[in-house]
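Reader: I would like to learn how to read a model of two chains. Please take the features one at a time, with the general idea before the case.

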Amino acid sequence: MTLAIISAFLGALLAPLVYRWLGSLAGWGLAFLPLSLTVYFASLLPTVIAGNAVRHSAAWVPTLSVNFSFYLDGLSLLFALLITGIGTFIVIYTGGYLKGHPDLGKFYLVLLLFMASMLGLVLADNIVTLFVMWELTSLTSYLLIGFNHTEFRSRRAATQALFVTAGGGLALLAGLILLAGMGGSWEISELLTKGEVLREHPLYLGSLVLVLFGAFTKSAQFPFHFWLPNAMEAPTPVSAYLHSATMVKAGVYLLARLQPALGGTEVWSSTLMAFGLATLLTGATLTFRHTDLKRLLAYSTVAALGALVFAIGMVPLTGYYGAVGFATFLLAHSLYKGGLFMAAGAVDHEAGTRDINQLSGLFRVMPITGVAVVLAALSLAGLPPVLGFIGKEVLYLASLQAAPVWMIGLAVLGFAVGATLALILSVPFFRGPPPAEVHEGPPSLWLGPLVLAGLGLLVGLFPGLYNPLADAVATAVKGAPASYHLKLWPGFNLALLLSLLTVAVGVGLYFLYPRLQAWMAKDPVPGPENAYVALLRGLMGLAARAERLLQSGSLRAYLVWVFGGLSGLVGLALLQSGTLPWPSQTAVVNPAKAVLMALMLLGALLVLRLRSHLGMVVGVGIVGAGVALLFLLQNAPDLSITQFLVETLTAILIALVLLQIRNIGEVPRGRWLDKAVALLFGGIVTLLMLGMLTEPMEHHLSNFFAQKSLPEGFGRNIVNVILVDFRGLDTFGEITVVGLAGLGVYALLKRLRREGKP
Amino acid sequence: MNTLILKTTSRFLFTLLLLLSVFLLLRGHNEPGGGFIGALVAVGAYALFALAHGLSAARKLLPLPPLRLVGWGLLVALVSALVAFFLDKPLMTGVWFSLFGVKIGTPVIFDIGVYLTVFGALLSAIFGLEETADRTPEEAS
């Protein structure tokens, strides 16, 4: 299983090369990666259905109990199959949809990277692994939404999605760490067995809020739903894949995964049901504002995500209806929504518009896409004989057991909009004359929608095909064995009546849609997005003010801030300690050192008196050289050489900088603030040094390095062995900083040169 | 700058300093020296040469533009760190092997990465500054 994830990542990295070899056929070629993964995960079906979880673990950072551990049960397997299965068709579809795009190679790369991270996310058992994968999906989603990076709207939508989901990710990290501490394990599979400990822990509420924040932002729950419709700026394959079928379900996945551990309390069920229902209604209501195919589908996705969260809230309150309803509706939604998005993209690609008011008579010119849309729309409307009907039916059965009447009423209203949308989407295929010069797209564009919608029909007609896996999913979500016999025709019951009511309300709303749309689109109601915009603007304003204060552009002011601030803080700490450090024994200064110190003092005084900038550089150089010689006298040749060289290069650099400043003139007299800060800083450093001398010298570390340097580092130069071996990672960080500083200087100078040109 | 003495001596000094820099780099593991110090000496050599013979002459003596050297340096350091990882040891564990009878270890290779990075970054700054310094007075006049 680890191998599957690693091969997904490696395959993603090879994608640009494959694109270069295969060109426009790359979509078909690259689809072999997700296809073979689908086959692999399908081969695990019998094991998982028999009730055996598949595990694999490899040490990552064992000292922190961070492991690459993976755990596959019914829930993970359903997600893995969705990710790889729909991924196969998305990759094929991309080849047709973005044909000839100059950045297509990059697109495949990021898309497949997303697939690999999403796989890692749903299979991860270790909390840290899960979180890393979670963040990777946020990052790849950011890159994919901003794929058309020359468009301002794309960039804005991408940043918004990243801010919202990554902000939630931080909360999630805190929540997961709390959970690990409370349950005493970093493995989710172990936490799931400690549900009672977790629920009775005093930190339960805190960790729950943090985890919910993470899951709600990722899965676009109210009031964070606004980023998802904006993310429709992404190319259609991305909308179909990330923002309907997989990534936005990561939050839902996490809630379902943790349900056995965190669920079962009053606050869990009421929070999830309230937010789920609010999201369902928000998505349903805002659907009416739009005529753009993708926006319509996006709001319907928001509504469906709300329904899924609502279902998870009901799991502990029902026997098995909640869990099975979740499992069924999840599959149904992924199939029909993925298909509808791809079909919408195909229509846009062929007809050149996504506005439903401008589309007409498409069925005659795009019959295959038409069949796919009608089948998927049936599922969306929740009509027999497709899977969407069964999913909604079981959800109704669950809510009849678990929810109060008013909630059921609102849920019917929310689902009714699904039926309305199904009509809105299908009608343009049959109404009016067919447009001229529009024809069916290439197979890559209709294969995905057709297969996904067809699967919905197949499983709807023969629900027994999905029943074993649905039971395995339900068992994982419930945390206890759960099974239910899925039926296409459940007989006359209250749920069926609710379904009929849903369709009736939906059809009624359809006739209201044109008027509602015109009315709602006229003046948009302020929503949570306004709060987001205000927050962002406030942040920018604060940053601008802080910048004006701290980054005035005057080098002297910077130095005053840095040295003054440092002396102030250290001085405060010294004052608080109360005692003035003073070494008890006096050091013996030999004549050579005395001469050197006198020279250094002279250099320092010279700097104070001189009026020429270059002269001051020389003065500082004298002090530096003196220090270097002192190091030499103290038997520290490495330090001494380094000090000499740094002094030399600093002199060269300062001289070069001074050459740039025109009309530099003399150093003015006065500047008492600078002198005061310099004196203060020097005094504080002196005090610190004296303080160090009062403490007994600790030889523990230097002895360690002196002993281990040759036998373990194979070097006699302890300083160097520490730098490149014992503390090599620190050095690597440092040279990275050096490299970045070099880049920064280069960029600054380049800009300076450009501005200097007439 | 146009002094004959500097121009003549800087040729010899340049070579000697570069030799010294490589010497310091290679002996660093056992005697005073190392990648950082070696790089500083090499930067000094190039700065001196550029002062005497001009920037373009000094640039011609570089195999790659300074910032490219930074990239290579970081890559070399990273690869040397990863060797242990693939041998199933903790990251950055020193791995020693013998090449034509000379004992070489990943810490030495890491030090070469340090050398290239520091050299490239500093030299890029110095060359950049010199380039603008050369240009500014003409524009000012």
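Reader: Which residues does A:Thr318 touch, not counting residues up to four places away in sequence?

Author: Contact means heavy atoms within 4.5 Å. By that rule, A:Thr318 touches A:Ala398, A:Gln401, A:Ala402 and A:Lys478, with residues up to four places away in sequence not counted. This is a predicted model, in which local features need pLDDT of at least 70 and side-chain atom pairs count only at pLDDT 80 or more, while totals for chains, interfaces and linings use all residues. Residues are numbered from 1 along each chain as its sequence is written, chains are lettered from A and ligands numbered from 1 in the order in which they are written, and side-chain values use heavy atoms, with hydrogens and water left out.

Reader: Where does A:Thr318 lie, and is A:Thr318 buried or exposed?

Author: Helices (H or I, at least four residues) and strands (E, at least two) are DSSP runs, numbered from the N terminus. A:Thr318 lies in the loop between α16 (293-314) and α17 (321-351) of chain A. For burial, the cut-offs are under 20% relative accessible area for buried, over 50% for exposed, and partly exposed in between (1.4 Å probe, protein chains only). A:Thr318 is buried because its relative accessibility is 3%.

Reader: Now a threonine in a helix. Which side chain does A:Thr84 join in a polar contact?

Author: A:Thr84 sits in helix α5 (residues 74-97) of chain A. Its side chain and that of A:Thr38 form a polar contact of 3.4 Å. The backbone oxygen of A:Leu81 also lies 3.4 Å from a polar atom of the A:Thr84 side chain. A:Thr84 counts as buried because its relative accessible area is 0%. Leaving aside neighbours within four places in sequence, A:Thr84 has contacts that include A:Pro34, A:Phe41 and A:Leu119.

Reader: How many helices and strands does chain B have?

Author: Chain B has five helices and two strands, in the order α-α-α-α-β-β-α from the N terminus on. Its C-alpha atoms fill a box of roughly 65 × 30 × 20 Å along the principal axes. Of the 141 residues in chain B, 46% are buried.

Reader: How many residues does each chain give to the contact between them?

Author: Chain B gives 46 residues and chain A gives 41 residues. Buried area is the accessible area (1.4 Å probe) that two parts lose on being put together, summed over both. Between chain B and chain A this comes to about 3,700 Å², with 73% from carbon and sulfur atoms.

Reader: Which side chains meet in a salt bridge?

Author: A salt bridge is a side-chain nitrogen of Lys or Arg within 4 Å of a carboxyl oxygen of Asp or Glu. The count between chain B and chain A is one, and the side chains are those of A:Arg716 and B:Glu31 (3.4 Å, N to O). On the side of chain B that touches chain A, α2 (35-53), α4 (66-86) and α5 (106-140) of chain B each supply at least two residues. The largest share, 21 residues, comes from α5(B).

Key. A polar contact is a pair of N or O atoms within 3.5 Å; within protein, one must be able to donate a hydrogen and the other to accept it, and residues adjacent in sequence count only if both atoms are side-chain atoms.
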